[in-house]
Amino acid sequence: MSKAKLQHVTLVGHMGSGKSTIGPLLGSLMDFGHVDLDVVIANRAGRSIGVIFEEKGEKVFRDLEEQALKSKISSLDPLVISTGGGIVERTSNRKLLKEESLVVWLRADIEALVKRVSRHSLRPLLKGKDPLEVLTQLDEERASLYEDLADIEIDTSNMKPSNVSELLFDSLKSHLGVENE
Ligand code: S3P
């Protein structure tokens with residue numbers, strides 16, 4: 001993609017919406033670097049997200065998440081940034097996302113999300129809980145926050161990640177006002 005008009009692209013949405021899978025695919029289509037904030041946080045802390053929640057609690061995790069977003073979004077090179085589902089909880093994060101990036105909301109039906117998160121159940125917010133209940137509750141709290149932020153939204157419920165990233169690539173080209181070189 002032409003580098004004439006560059007802006008970070010951030011992927012937001014619930015756990016299981018595909019942010020971590022689609023991020024690298026989209027990054028390579030766009031010729032942008034890709035970072036996953038959960039990976040940044042875990043690397044910096046030297047422990048997994050689950051262990052951070054267990055040992056330090058959610059507030060410390062949210063502080064680390066905010067720091068990771070701030071540092072990556074200030075990168076001079078354009079990035080595709082996969083965020084964690086809770087990035088929208090803090091007003092300061094929402095402000096940064098809105099001002100410094102083009103925000104893509106990856107949506108999916110709760111049933112599709114439940115199916116996907118049940119395959120990898122390492123997420124601390126789901127530990128020992130019914131994923132359907134947790135995701136339904138989170139949807140009530142967060143769906144309008146994702147919606148308010150989104151420059152682009154796409155329903156990934158019945159789509160393969162490669163198709164989602166290709167559709168997004170086309171849509172982003174027109175949003176960023178650039179054509180292929
Ligand atoms: C969280 C989502 C997770 C991770 C953490 C908290 C959330 O990321 O950041 O477990 O609050 O929804 P994914 O959305 O990539 O699962």
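The lining of the largest pocket divides into 13 nonpolar, 14 polar and 11 charged residues. Here Ala, Val, Leu, Ile, Met, Phe, Trp, Tyr, Cys and Pro count as nonpolar, Asp, Glu, Lys and Arg as charged, and the others, Gly among them, as polar. This is a predicted model: local features need pLDDT of at least 70, side-chain atom pairs need pLDDT 80 or more, and totals for chains, interfaces and linings use all residues. Residues are numbered from 1 along each chain as its sequence is written, and side-chain values use heavy atoms, without hydrogens and water.

**Pocket**
- The largest pocket holds about 1,000 Å³ of space.
- Its lining has 38 residues; Met15, Gly16, Ser20, Asp38 and Arg123 are the closest to the centre.
- A pocket is an open set of points on a 1 Å grid over the protein atoms alone, where a 1.4 Å probe fits, with protein on both sides within 12 Å along at least five of seven lines; lining residues have an atom within 4 Å of a point.

**Ligand**
- The ligand sits in the largest pocket, meaning more than half of its atoms lie within 2 Å of the pocket's grid points.
- Around the ligand are 13 residues, each with a heavy atom within 4 Å.
- By class, this shell has 5 nonpolar, 3 polar and 5 charged residues.

**Polar contacts (N or O pairs within 3.5 Å)**
- A ligand oxygen is 2.7 Å from a side-chain N or O atom of Lys19.
- For the Arg62 side chain, the distance from a ligand oxygen to an N or O atom is 2.7 Å.

Conventions. A polar contact is a pair of N or O atoms within 3.5 Å; within protein, one must be able to donate a hydrogen and the other to accept it, and residues adjacent in sequence count only if both atoms are side-chain atoms. Grid points are joined across faces, edges and corners, and a volume is the space filled by probe spheres set on the points.
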